[in-house]
Amino acid sequence: MDVAVFILVVLAFVALSGALVRLVRVPLPVLQIAIGAALAWPARGLHVEIDPELFLLVFIPPLLFGDAFAAPKRELIELRGPILDLAIGLVFFTIVGFGYALHWLVPSIPLVVAFALAAVLSPTDAVAVSSIVDRNVVPARLMHILEGESLLNDASGLVMFRFATAAALTGSFSLAAASLTFLYAVAAGILAGVAALIIAAKALQILGRIGGTPAEAQVLVMILLPFVSYLIAEHVGASGILAAVTAGLLTGTSGIFRFLSVSARIQAMSLWSTLAFIFNGALFILLGLQLPDIIRKVPPELTSRHWLFEPALTVLLLTLCLIGLRFLWIWIGDIAAGIAARLGKREAEPLGFRVRLAGSVAGVRGAITLAGILSLPLALQDGSAFPARDVVIFLAAGVIICSLIIASLALPRIARGLVEPGEDPGAAEERRARVGAANAAIAKIERLAGEGEEGEVAEARLAVADSIVAGYRRRIAASDEAEEARTEAREAGRLELELRRAGIEAERTAVRAMFRSREINDHTMRALLSEITLTEALLKTRRDRK
């Protein structure tokens, strides 16, 4: 019962944070951390012991799957060079540079444990970045690089974290063995994601052959997909995180959606957006719940005369160290890309100082770091306490919060003005696609209307075709490059939507009146209201697109 109440409380405050963020005007992750800390700060407040393995299984696969599914695949392929450079090269650079810096700043932390903390701090959280700054003020290229990096560096960072932890436990480390294990974890993780996708497709095919299968059963298969991929990879000793990312990246292009009914597709997309909001909010509230206990147990290694000032200063210095290492790596990579472009007689596209700085500050840490650091073992193989465990947990939590605060304060100011005014390239591309699709539909309908029967049936076919084609021509007019034509089309569309909304509201009122007068039962009412709601949602989408 206590666990159930705790879950309900967390969900309630996740919903509340979605409303409060509009009033307090702070980034949503920061607000949710503050809510969690406020709930846990009193002596009798909310407290929870997190099982790291369960934490990883429940939260990480669906979140990474959803992020990978929504990521723009074309841009990720085009930007694969800088993405891999950050997701792999920067991870190793951070482990070495930050590890030695931490050991120098806090000598009580053994070097191998410092490397472990550096590894778990390597993964970044693009979800937190997108909630801090509007995508319209960050260059699209930079945002795509950050998204692609966060999808891949989770795997590389956590794999290296496991190597460093194992070295701390055993007191030995083999570079050759670690390299082979890393390659195996990556390759097997990718194969596990592909295998899970094939299993899901076969399951949907079987459900489709049975006939009459509820849409909810098909949606459940899609929900289980990231968990299955994660568990398969973990079972064979590979990267479950990379497996979930692989499944998400391939889901949209694999054709698996053709095995879903229309109703199942709509339900799946709506449910995934809701789950992403819930899981992200719950993650940051859980981090806030850990914060008071972490602060109360400030390790003595970080304090001498000032209880809170020295630990806070240490966290700030380490966060700035991470930002500095990231800026240095991006700068070096930008120079290398320019040299390669000149050697290949291509036009170089330098990022510029402000874009490099924005990319450095945007490397905030989040859920992966929290889950990883909490998975540190309590004791070594000889039974003695794991060295500096409380210290590195305190520092990791502090860096997560400090990186979020710095990014929320600095990133909007750094990014302001980086995007040139004018039409968003993505919007222009969408407009061209709408015109192309509408022209193809008109050609098909006109060809079908000219075929077949004669007489009254043919006239009826032409009348219906003219009505449908008129709707497509209005869509083309609304996407016309001439501003005057677009304005006229938008006004006509606005009037049409207004009348349609009035008709929908009349339908809804009539259905409810028939239910109250007992002309229809509640089952019929729900079916009709669901259809009306779906029509209303489509109209709202059209209105938002205009």
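Leaving aside its neighbours within four places in sequence, which residues is R326 in contact with? They are L90, T124, L146, E149, G359, S360 and G363, where contact means heavy atoms within 4.5 Å.

This is a predicted model, in which local features need pLDDT of at least 70 and side-chain atom pairs count only at pLDDT 80 or more, while totals for chains, interfaces and linings use all residues. Residues are numbered from 1 along each chain as its sequence is written, and side-chain values use heavy atoms, with hydrogens and water left out.

R326 lies in helix α13 (residues 309-343). Helices (H or I, at least four residues) are DSSP runs, numbered from the N terminus. A358 belongs to helix α14 (residues 353-361). With neighbours within four places in sequence set aside, A358 is in contact with L142, L411, I414 and L418. The C-alpha atoms of A358 and I414 are separated by 6.1 Å, although the two residues are 56 residues apart along the chain.

Aromatic rings of Phe, Tyr and Trp (its six-membered ring) pair if their centres lie within 6.5 Å; planes under 30 degrees apart count as stacked, over 60 as edge-to-face and the rest as tilted. The count is 5 aromatic pairs. One of them, F59 with F279, is edge-to-face, at 5.4 Å centre to centre and 75° between the planes. This pair links distant parts of the chain, with F59 in helix α3 (residues 52-70) and F279 in helix α12 (residues 262-296), 220 residues apart.

Buried means under 20% relative accessible area, exposed over 50%, partly exposed in between (1.4 Å probe, protein chains only).

| Residue | Relative accessibility | Class |
|---|---|---|
| F59 | 12% | buried |
| F279 | 16% | buried |
| R326 | 2% | buried |
| A358 | 1% | buried |

Terms used. Helix = DSSP H or I, 4+ residues; strand = E, 2+ residues; numbered from the N terminus.
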